[in-house]
Amino acid sequence: MLKKIFSPIKIGTLEASNRLVVPAMVVNYCNEDGTATEKFIAYHEAKAKGGWGIIITENYAVDPKGKGFTRIPGLWDDSQIPGHRELTKRVHQYASKIVAQIYHAGRQTNHLVINDQPVAPSPIPCPANQEIPHELTVTEIQQLVKNFGDCARRAQSAGFDGVEIHGGHGYLIAQFMSSYSNKRTDEYGGNIYNRMRFPLEILADIKKKVGNDFPIFFRISGDELVPGGRTIEDTKAIAILLEDAGVNVLHISAGAYGAMHGIIPPATLAHGWITDLAAEVKKVVDIPVITVGRINDPLLAESILRSGKADLVSMGRASLADPNMPQKALAGKFDEIIQCIGCLQGCVAKIVEGKAAQCILNPTLGREWEITIKPAEHKKKIFIAGGGPAGLEAAILASQRGHEVHVFEKSDKLGGQFYLASIPPSKGEIAGFIAWQIKQLKKFNVNIHLSRELTKEVVDLEKPDTVIVATGSRPIAIAIPGMENYHTVTAQDVLMGTVTTGARVAIIGGGLVGSETANHLANHGKNVTIIEMMPAIAVDEPFSVREFLLKDLADKGVRILTNFRVQKITAEGLVAAKFDCEENLGKFDTIVIAVGVKAVNELTHELAGKVNEIITIGDATTVRKALEAIHEGFNTGIAI
């Protein structure tokens with residue numbers, strides 16, 4: 001069934017055993033001086049062990065002033081080679097090939113990262129970083145050309161199977177190639193031949209230093225998705241020039257920092273949403289083409305290859321969620337695969353914060369070097385109160401290690417708040433993770449007790465060794481004068497499908513839950529108004545996710561009222577105040593309360609001193625996001 005993705009392919013002198021590619025992704029696992037850490041090496045080694053055909057490492061900076069992030073790898077100096085040689089050695093224990101992506105961020109960095117002014121072909125600031133860059137002189141350009149060649153030579157010396165020149169996503173090479181960012185009038189600007197001079201000179205310098213038998217990949221945005229940026233027709237013309245210059249494979253992506261969703265698409269965007277860009281490039285070149293973009297299932301990858309749109313498929317975030325995907329797919333264990341849900345909470349939001357990458361679904365990401373799942377020395381009888389993501393994760397790991405585990409869930413459904421999160425538009429893939437957890441519970445013989453609450457009396461009777469309290473959270477109740485006379489419900493009731501709303505709905509609270517409930521109702525034909533006391537809504541969502549959420553709310557006509565505090569509900573309508581000025585917002589058929597949730601941990605206090613061991617995890621300790629809950633559940637299960 002997967003004959004295409006598991007067929008070998010040759011790229012120059014590189015022979016890959018399959019066509020599944022891990023593209024470069026920033027994870028911030030290196031030292032600040034660009035040297036490799038055990039964390040960085042083990043992260044890549046896990047993917048090689050998982051069976052990926054080609055692994056492309058993140059952004060090896062060719063110059064310390066070209067870093068876009070603080071803790072990315074570098075090969076701008078020979079002293080950095082030994083650590084990265086250890087990386088390639090470890091990967092080569094398996095069948096995977098490893099390619100170093102080399103790049104310079106250009107204007108897409110800032111002084112906080114490089115302690116200097118960014119550089120670019122023209123003094124036009126990056127839309128995201130907003131720092132005016134220094135316009136490179138011809139002499140400086142020629143030095144950068146040499147830096148790229150030297151970086152490739154070091155990559156070859158470190159044992160990499162090739163290099164990928166990063167000419168996409170709005171970084172320095174892309175800045176030269178696009179009239180969106182290149183306004184020069186000398187030999188490096190103007191028509192397409194001049195704008196291509198910089199990357200073509202880089203290619204020539206690399207070949208001079210590594211020879212013609214060292215494979216060269218080239219990543220490029222098929223469409224930059226910004227006003228005045230390159231389109232696919234421009235890219236096709238460039239592809240012809242690159243092939244003629246000796247590039248061995250083209251890696252077709254999309255976007256720049258002015259269109260971040262093109263680089264890292266959220267769940268809102270369709271699976272394989274830019275495969276047509278690769279298909280267009282493939283029409284004009286004879287070298288292999290790699291596609292990418294929200295491809296999180298091996299069957300999707302297979303269908304893309306069978307359609308002839310590309311020769312290889314990159315599955316970046318999918319490899320973060322499950323580094324063992326290729327092995328599982330090859331064995332036909334599709335229901336064992338953890339599929340990326342496109343939430344961007346750990347892989348993007350953490351990077352934006354300057355932290356190391358995480359994955360909401362994979363607590364081992366970035367911890368491969370320190371985590372080993374071992375049988376428990378002393379087998380225990382463990383009761384878990386709550387069948388949400390934290391409790392289920394703890395149950396899976398604890399049972400896997402040999403403990404007798406019982407999960408008590410007072411409702412008739414597992415998943416908790418995470419299940420509710422799967423209800424709004426574009427969030428349906430979350431349910432897939434809950435299904436994966438349930439599959440694991442069965443695999444490791446966890447005892448599930450639905451519609452049964454774990455109480456002090458049950459604990460007194462059954463006498464477990466350990467109780468894990470993962471009771472999650474409940475909606476915060478508020479009292480608004482006059483609300484008793486109206487149809488008032490919680491956002492959780494709406495998402496669970498236990499209540500029906502009228503045609504006109506007011507949602508009090510514009511946080512994540514309130515905003516997504518509004519989106520859910522608006523997509524079901526309701527006339528929705530969000531009333532939020534803060535200046536903005538959905539501020540906790542990662543940027544790209546929030547961008548599309550706000551767009552859909554606007555498209556569906558949702559009225560968003562910020563800086564409003566609800567005062568009362570009268571026969572004439574709902575009254576709210578903005579900056580102490582009261583306003584009647586009109587009449588509504590249903591009022592939805594979504595002002596937040598609070599921890600539920602009464603059981604922790606009831607059992608104090610009555611059980612050998614009590615552990616409270618997830619929202620039962622303090623309300624946070626699913627990432628923290630799932631990771632706490634994992635850590636508890638592996639340590640108990």
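Which elements make a right-handed β-α-β unit together with helix α8 (residues 232-244)? In this predicted model, strand β9, helix α8 and strand β10 form that right-handed unit. The account below begins with this unit, then turns to helix packing and to a further sheet.

Strand β9 covers residues 216-221 and pairs with β10 in the parallel sense, over five bridges. Within this pairing, R219 stands opposite H251 of β10. Strand β10 also pairs with strand β11 (residues 289-291), again in the parallel sense, here over two bridges. In that pairing L250 faces V289 of β11. As a general point, strands of a sheet pair through backbone hydrogen bonds, either parallel or antiparallel.

Strand β10 itself spans residues 249-253, and five of its five residues are buried, so the strand is largely enclosed by the rest of the structure. Its side chains are divided between two directions: V249, H251 and S253 point one way, while L250 and I252 point the other way. Residues of both groups are buried.

Leaving aside residues up to four places away in sequence, H251 touches P23, I56, E164, F218, R219, I220, I290, V292 and S314. The C-alpha atoms of H251 and L312 are separated by 9.0 Å, although these residues are 61 residues apart along the chain.

Another histidine, H261, is found in helix α9 (residues 260-263). H261 is buried as well, with a relative accessible area of 14%. Apart from residues up to four places away in sequence, H261 touches L225, P266, L269, W273, S544, E547 and F548.

On the α8 side, the contact is made by I232, E233, T235, K236 and A239, and on the α10 side by L277, E280 and V281.

How are helix α1 (residues 38-50) and helix α2 (residues 81-91) arranged? Their axes come within 9 Å and cross at roughly 20 degrees. Because angles under 35 degrees count as roughly parallel, α1 is described as roughly parallel to α2. The crossing of α1 and α2 is right-handed. From α1, the residues E38, F40, I41, A42, H44, E45 and A48 meet G83, H84, E86, L87, R90 and V91 of α2.

Strand β23 (residues 573-578) runs antiparallel to β24, and four bridges join the two. Across this pairing, K578 stands opposite C581 of β24.

Key: Residues are numbered from 1 along each chain as its sequence is written. This is a predicted model: local features need pLDDT of at least 70, side-chain atom pairs count only at pLDDT 80 or more; totals for chains, interfaces and linings use all residues. Side-chain values use heavy atoms; hydrogens and water are left out. Buried means under 20% relative accessible area, exposed over 50%, partly exposed in between (1.4 Å probe, protein chains only). Two strands pair if DSSP finds at least two bridges between them. A crossover is right-handed if, with the strands pointing away from the viewer, the path from the first strand over the helix to the second runs clockwise. Contact means heavy atoms within 4.5 Å. Axes are lines fitted to C-alpha atoms, for helices over the stretch in contact, and angles run from 0 to 180 degrees between N-to-C directions. Angles under 35 degrees count as roughly parallel, over 145 as roughly antiparallel, 65 to 115 as roughly perpendicular and the rest as oblique. A crossing is left-handed if the near helix is turned anticlockwise from the far one by less than a right angle, and right-handed if clockwise.
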